[in-house]
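Hello,

My notes on it follow below.

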Amino acid sequence: MLLAVDRGYYAALLLTPLAGLLLLRTFIIQHDCGHGAFFRKRTGNDWTGRALGVLTFTPYDCWSRSHTLHHANTGNLDARGFGDVDTLTVKEFRALGPIKRLFYRAYRHPVVLLGIGPAYLFLLRHRLPIGLMRAGSKYWVSALATNVATAVVLGCLIFVFGLVTTTLVVIPTLLIAASTGVWLFYIQHQFENAHWDRRPDWSFHEAAFRGSSHLDMAQPLRWFTGNIGIHHVHHLMSRIPFYRLPEVLRAFPELRQVNRFTVPQTLRPLMLALWDEDERRLITFREAAKRSFEADTRP
């Protein structure tokens, strides 16, 4: 694409979605390296993950730590905040002031979740070890070293192809990969009958299995997304490499229907925003407002 666009063939930009999906698959490989699942030895996983992090604009050690905490605490209402889509309960939302409610509503809007959010996450937030600034120098080294290596790569591309060509190719490709990745991550845990519990009632295996979805996609999307849609299996056994996840469904076909979604069915969950602890399901702002009104007007 860089070669074509540099020669004036702007039709090459039509390949941006394909390039974005290939970058997404690169991120899935980095993801498996973080779980120690892509190679047998930890060293191979870590250094491959760090190298791929330069291409995905994601400091490997920072992301791996945050993602490990996400796996360890999925579905635990008392351990939110690491590697998750921020989710409030109905009671927590009602306790907020007007300004904080407005910010949370904006944060949960699909345009922010799938557009502004991914751009901020991969272009800005990953430049510093946000959330891990006091966790040790390792995470500062990871973030800053990734920044330097990414800057060197971009600098070389700009030197050869120019700033405009590099920007036209690299930034849209990254944003398509980022938005698609966030969409995948969202539907993996944000659906109506998801599973959340307070710490005394929380179980790792139950939360991993019942709180993760199975996004059933046709080829070639399964290839581009590295079978990560088989997320309930992945959360139960994260050391299974992504290329072997379909084998689990073939061996245990009953798992196919657990929290199963197709791509069109992922639209409604984007409207969900609050966890109702009484009904044990995610609901929309409108449903929460309706319940609040009914409670206030009940004689």
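In helix 7, the residues L113, L114, G115, P118, A119, F122 and L123 meet a set in helix 9 made up of I171, L174, L175, A178, S179, V182, W183 and Y186. Please keep in mind that this is a predicted model. Helix 7 covers residues 110–123 and helix 9 covers residues 163–189; their axes are 8 Å apart and the packing angle is about 115°. That angle makes helix 7 roughly perpendicular to helix 9. The crossing of helix 7 past helix 9 is right-handed.

Helix 9 also packs against helix 2 (residues 16–34): the two axes come within 8 Å and cross at roughly 55°. These two helices are therefore oblique to each other. Their crossing is right-handed. On the helix 2 side the contact is made by T16, P17, A19, G20, L21, L23 and L24, and on the helix 9 side by P172, T173, L174, I176, A177, T180, G181 and L184.

Q190 lies in the loop between helix 9 and helix 10 (204–210). Is Q190 buried or exposed? Q190 has a relative accessible area of 3%, so it counts as buried, the cut-off for that being under 20%. The side chain of Q190 is joined to the side chain of R108 by a polar contact of 2.8 Å. Leaving out residues up to four places away in sequence, Q190 touches V85, T87, R108, W196, P269 and L282.

L282 leads on to the sheet. It stands opposite W275, and belongs to strand 5. The sheet is open, has 3 strands in the order 1-4-5, and its pairing is mixed. Strand 1 (88–89) and strand 5 (281–283) are the edge strands, each pairing on one side only. Strand 4 (residues 274–276) pairs with strand 5 over 3 bridges, in the antiparallel sense. As background, strands of a sheet pair through backbone hydrogen bonds, either parallel or antiparallel.

Another residue to look at is Y104, which is in helix 6 (residues 98–107). With a relative accessible area of 7%, Y104 is buried. Which residues does Y104 touch, not counting residues up to four places away in sequence? They are D86, T87, L88, F93, A273, L274 and F285. For T87, which is 17 residues from Y104 along the chain, the C-alpha atoms of the two are separated by 9.0 Å. For A273, the backbone oxygen lies 2.6 Å from a polar atom of the Y104 side chain. T87 is also among the residues that Q190 touches.

Last, R239. This residue is found in the loop between helix 12 (231–236) and helix 13 (245–251). R239 is exposed, because its relative accessible area is 52% and the cut-off for exposed is over 50%. Not counting residues up to four places away in sequence, R239 touches H35, G36 and A37. A polar atom of the R239 side chain lies 3.4 Å from the backbone oxygen of H35. R239 and L3 are 236 residues apart in sequence, and their C-alpha atoms are 39 Å apart in space.

Regards

How values were computed
Residues are numbered from 1 along each chain as its sequence is written. This is a predicted model: local features need pLDDT of at least 70, side-chain atom pairs count only at pLDDT 80 or more; totals for chains, interfaces and linings use all residues. Side-chain values use heavy atoms; hydrogens and water are left out. Helices (H or I, at least four residues) and strands (E, at least two) are DSSP runs, numbered from the N terminus. Buried means under 20% relative accessible area, exposed over 50%, partly exposed in between (1.4 Å probe, protein chains only). Contact means heavy atoms within 4.5 Å. A polar contact is a pair of N or O atoms within 3.5 Å; within protein, one must be able to donate a hydrogen and the other to accept it, and residues adjacent in sequence count only if both atoms are side-chain atoms. Two strands pair if DSSP finds at least two bridges between them. Axes are lines fitted to C-alpha atoms, for helices over the stretch in contact, and angles run from 0 to 180 degrees between N-to-C directions. Angles under 35 degrees count as roughly parallel, over 145 as roughly antiparallel, 65 to 115 as roughly perpendicular and the rest as oblique. A crossing is left-handed if the near helix is turned anticlockwise from the far one by less than a right angle, and right-handed if clockwise.
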